[in-house]
Amino acid sequence: MTNDTTPDRALEALQHFDLGIGGMTCASCVGRVERALRKVPGVQDASVNLATESARIGVAAPAGSDAAALQAQLRRAVRNAGYEPLAKDHADAAEDLSPWAGFLPVGVGLALSAPLVLPMVADLFGQDWMLPAWLQFALATPVQFILGARFYKAGWHALKVLTGNMDLLVALGTSAGWGLSVWLWLTAHAGHAPHLYFEASAVVVTLVLLGKWLEARAKRQTTTAIRALHALRPDVVHLLGKGGEVDVPVAEVLVGDRLVVRPGERIPVDGTVHEGHTQVDESMLTGEPLPVARDVGAPLTGGSINGDGRIVMAVAAVGAETVLAHIIRLVEDAQAAKAPLQRLVDKVSAVFVPVVLAIALATLLGWLWSGAGMEAALIHAVAVLVIACPCALGLATPAAIMAGTGVAAKHGILIKDAQALERAHQVDTVAFDKTGTLTVGQPRLTAFEVVPGLVEGAVLAAVAAVQSGSEHPLARAVVRAAQERQLALQAPDAVRAVPGRGTEGEVQGASYLVGSLRWMQELEVDLGSLAGRATDLQAEGATVSAVAERTAQGLALRALLAFGDEPKPGAREALAALKARGIRTVMVSGDNRGAAEAMGRRLGLDPAAGEVMAEVLPGDKAVRVAALQQGGHVVAMVGDGVNDAPALAAADVGMAMGNGTDVAMHAAGITLMRGDPLLVAAALDISHRTVMKIRQNLFWAFAYNVAGIPLAALGYLSPVVAGAAMALSSVSVMANALLLKRWRM
């Protein structure tokens, strides 16, 4: 069990607990556990996932309260509801299990049930014979009360709290079949061999056990993504100390340590290259198939594989702060969350078992009223009880979500929650931030025009000094151009960033303003002889900025700066792929209209159709997203910077480039682990396919019951056939969800 604590109010903190739960079998169990947890004082929300056998609980408790006591209360509530509280990571133990793990009870049931079924098979070939009644009793009773003990135990717990579940239906149905057989055997006249139903009760119990075993085996396959991510963390690292290399557990590594990573080994934690150079395979984290070069100072991500070079790395993040830990948390949260579609299932399952019990009773009374004997009436009622188990309903949504988010993570698409997954398939408009998303994001200084009479190198050095502390791509381009010319940069004073406009600072007593032409217009700076040149540069598609100096006479223009950027490889193809899916694409840029439209045309966008939004201030991006949403459009926003966070949050679905800022990734519902625009179409595609699987699963889960219950009530299904159909429903839902693992970009 783990917990996250985030401040909520001054006197309270909302704590989130993850708890494993054993013994759940169907959608009714999920509802019962959720109700039990919500009755615990302070619990604000409880979401239980049948497929992961876990619960996520939000508890509002006084700040500084004892987390251990809260955990104990939650565990007690689960146990009182009739289930087993487990550690959150209990499912991880399944990683090393044999494919046949847990099959022994099923095998024993099959061995004991097979002789009971043989007479039925022989009857198909005209052979009329049956086992002695005492032998049928001896074979069926261990199956009923030893192998089937789990159904009685769980069913009794459900009865104690006046609810029902799958176990109760199985226990009632098979007990009725077994009890009827014993009664017919003991009351038969001497010399008369009555038809007994021991085979029905034994085979139903065995089939249910077989279905649950196949279901558990399929569940282990849906969690392969999580287990694969956990496996990326090595247990031992080579710590470089004063005495040389020492092998220590990865849990003992501290920020600032120096670690040796040998060729072919996994990078243990996040950091930077301190010595050496190599190629790093990051495919398991980003989906990028090609290794990337890493030299001194380059970042390293824990979980990636070192190439053929021995390197020494400086540790920058450990434990829960690493990128890998963040990815694991995102995938776990997505797989544990409930999709909005699941709410319908929860409402149905809450009344499902009582309704089935009523139908079974009505079936029994109806057949008796029609003149059928107690024997036939009871068998038909048993068939209703057996076929109606709501296992598939509880698995339909979480199984598909686990498979979909898992395969998406393998390809570098991290889906934050089930709501983002479900909403993404409805997207009909995608808005892209330009810089760093559709373009390389590393603009170059392509032109530097100074006012006549000034020394170009001196002005460029002053501008670069003012921009030296900024992380803005245009500022970095200026500094890089000055460094390429080997200009000496002075330390600036009183540097101040003006959001959406530029930077102001002092260099050697002179005050400079560096920013957009729009800012210069607001400040009424006269471009003078360079006005025509500014217009020409914009017409060529360049992003143009200006430099002004504060003088005794006011602000005076000193230079123009023109920047050029390049489209990202694959950006044009990504936009074309979205258009092929019938999705409208829009580029949002803070550049002047000429530069933005020129880049838009290079990317295949049509400015005349409103596909290019230019001169958009950072604070206005969310407003533009809201404007796109008007008229009922479902909008996805794709960005990578801090200034994109409000727009990402405002959009129906936010997609953050993983090479961007943490703020953007926190605001987004989907994170694309590598800065490839093609992943946008891929994310929408896996979302669409996952939602389709959810709907297919829910359809078949409901269809089994809608068709099966009337057939059983009317006498067209025997308990054995009903048991087989019920087991098949759960297995088919899991198998259908697992087809998502075949998805490729």
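Glu-245, Arg-262 and Arg-310 are linked in a network of salt bridges, a salt bridge being a side-chain nitrogen of Lys or Arg within 4 Å of a carboxyl oxygen of Asp or Glu. The model is predicted, so local features need pLDDT of at least 70 and side-chain atom pairs count only at pLDDT 80 or more, while totals for chains, interfaces and linings use all residues. Residues are numbered from 1 along each chain as its sequence is written, and side-chain values use heavy atoms, with hydrogens and water left out.

By the salt-bridge rule, the count comes to 19. One of them joins the side chains of Arg-533 and Glu-449, at 3.2 Å from N to O. Arg-533 lies in helix H19 (residues 531–539) and Glu-449 in strand S17 (residues 444–450), so this pair ties together parts that are 84 residues apart in sequence. Helices (H or I, at least four residues) and strands (E, at least two) are DSSP runs, numbered from the N terminus.

Another salt bridge pairs Glu-597 with Arg-593, whose closest N and O atoms are 3.2 Å apart. Both residues lie in helix H21 (residues 593–602), 4 residues apart, about one turn of the helix. Glu-597 is buried, with a relative accessible area of 19%, whereas Arg-593 is partly exposed at 39%. Buried means under 20% relative accessible area, exposed over 50%, and partly exposed in between (1.4 Å probe, protein chains only).

The largest nonpolar core has 132 residues, and Leu-37, Ile-413, Val-430 and Ile-670 have the most contacts inside it. Such a core is a set of buried Ala, Val, Leu, Ile, Met, Phe, Trp, Tyr and Cys residues joined through side-chain atoms within 4.5 Å. Its largest share, 13 residues, comes from helix H25 (residues 678–713).
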